Amino acid sequence: MNTELFGVFGGTEAFTRFRSMDEFDDVLVGPSITVGIRDFGLGTPGWTATYEGETGCCAIWGEVYVPGQETNAARWFLEAYERDGTEALAGLNGSYLAVLDTPDETFVATDSIRSRECFYTDAPGVRVFGTDSATVAKTIPDPSFRRDGILEFLHLGVTLGEKTSLEQLSRLPIDSQLRASSVTDLERFVYDTREFDYAGTLANRLERAIDRRSILPGRKGLLLSAGYDSRTLLAQLPEIEHCYTVGNSTAQEVVGAKRLAAQYGADHTAFGPDERYLYADGSKVQYSQGVKESLHIHHAGYTDEIDVDTIYHGLLCDTFFRGHFTAHVDLEVFGKRVPFERLDPDPDPIDVLLSRFGYNRSTSQELAERTAFDVDPESFARQAVRTEFESVLDRSDSIQNALNCCGIANQPSMPFHTQLADNFFASFLATDTELLDWHLHAPPAERSTDTFLEACKQIDPEMLRHRPPDRPHNVTLFNEMERFVRRKTPFFDSFESPWPDRKQLFTRYNFDQRLLPEFEHVHDLPARHKLRLNDFLGWVESWDDTADQHLRWIEQNSSLAQ
């Protein structure tokens, strides 16, 4: 990767067992930790920072903002922690990992939603940690696969909780600290619903959060859809010069995004969905980290054509502000289950999470038959999700909020941001602590599209001038009625999917033979599941110099390599 944090709980001798100090832009040596940082943005306000003082050292990797006028977040945090202890963590705002090492305290901390992964292992005889799962995995002397982690990834598209695909490799859970011999839960992400002005407060906090992120340097761009989320950034950041959308120039999503860009005076580029959309290059698989599918990195193949320094996006705005993981009552309309804004008073949390994670019962059954791991996929997937759901109940005050917490802790689409932050100054609006605080305090019924759109109108009455092409009406039922009429009536164009057709691209560019030439017995599976197989195999090859040995393990435990 272009950027990386890598460290050991130990001195330079322990560190150099695994890495050369010359690989990093800065190496900090504290009383108990040695940590290396590689980042093109090191020292830029709002971005990665390091600091060594008389009482210890601190490194913060990623996007980070702190109170006041201090431009070095690492210095601010070291001094604030000496004064306020754990409470100082609340002053860090953004998408980051923080490393602090003093004679009295030593830890690595995630941001409150784990938007940046931290992998660790004790297998080499010293605790090793880092942001790149492949480089941490390379330190394991005798790695062995973890079947549950692999199966969760293949069936759900995400490995749940702290697991990875290796027995000896773990990752920090949501809102936590890594210490020399333990992992400690923090209490920043805990639901506590209350009454307040939901739309007005959200509008004010969105404006402040966007303004905070305006300090990132250079030419500014935006990954823009025709939906609601990314346009909030476009409306509030006149510095955005160029917008980018993946899709054919005549696609409804692209036409809608182009109108939005023109409304706010920005240039617009549409990236045609050619072979780069699914294939990109080997690095795209690396960003999956072996725990989340690379499919979500829609823009990866076009990175070299995104000609900006700072990139913005609306990832997870639907999750935090509009209740993506909230369970709503749904009704059958024209043969399709349609969710409505009314909350389900008695949801089955496992059914809801399986549907949000993209689990498909029939496809998983076919996958199980073709890979022959000796488990029933339905019972396995349900139990895996149940275990993870129960693990977050102590952070929640209701079933609906537990659903949201579980979904956020295991958000499948995070590689989208990981890839961007490895190539640009990538701002992650949804991780702003004021906005997360709004999410934790607003009742599930108020985290809705209606509330969000009201907030948008308060920010800029013209923001909703152009509606999303597949949502021409304010009422969900009316949108579904029009969708049905368009689908059934000759000469009417149907609403298009906002994303290119994966099955069509797989066939057009012969990806079965290019990605999985030795696995003909899986070629009939849906493209998404074949991409998961490619992600897993590619990730293993990225860290293991003896990958053939481990692929033989797969042969012995499945029929993947028949």
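**A helix crossing and its surroundings**

Modeller: This is a predicted model. Ser288 touches Glu293, Ser294, Pro415 and Asp535, leaving aside residues up to four places away in sequence. Ser288 lies in the loop between helix H8 (282–286) and strand E16 (310–313). With a relative accessible area of 1%, Ser288 is buried, because the cut-off for that class is under 20%.

Now the crossing. The axes of helix H4 (residues 147–156) and helix H12 (residues 377–391) come within 11 Å and cross at roughly 105°. H4 is therefore roughly perpendicular to H12, since angles of 65 to 115 degrees are put in that class. On the H4 side, the contact is made by Asp148, Leu151, Glu152, His155 and Leu156. They meet Pro377, Phe380, Ala381, Ala384 and Val385 of H12. By type, the residues of this contact are seven nonpolar, one polar and two charged.

Helix H20 (residues 527–543) can be checked for length. At 1.5 Å a residue, its 17 residues should span 24 Å, and the end C-alpha atoms are 25 Å apart, which agrees. Of the 17 residues in H20, 13 are buried, so the helix is mostly covered.

Of its 562 residues, 59% count as buried. Among contacts with a separation of 6 or more, 68% are between residues 24 or more positions apart. The accessible surface comes to about 22300 Å², with 45% of it belonging to carbon and sulfur atoms.

Notes:
Residues numbered from 1 in each chain as written. Predicted model: local features only at pLDDT ≥ 70, side-chain atom pairs only at ≥ 80, totals over all residues. Heavy atoms only, no water. Helix = DSSP H or I, 4+ residues; strand = E, 2+ residues; numbered from the N terminus. Buried < 20%, exposed > 50% of the residue type's maximum accessible area, 1.4 Å probe, protein only. Contact = heavy atoms within 4.5 Å. Axes fitted to C-alpha atoms, helices over the stretch in contact; angles between N-to-C directions. Parallel < 35°, antiparallel > 145°, perpendicular 65-115°, else oblique. Nonpolar A, V, L, I, M, F, W, Y, C, P; charged D, E, K, R; others polar. Expected span 1.5 Å × (residues − 1). Areas by Shrake-Rupley, 256 points an atom, 1.4 Å probe, with all protein chains shown as cover.
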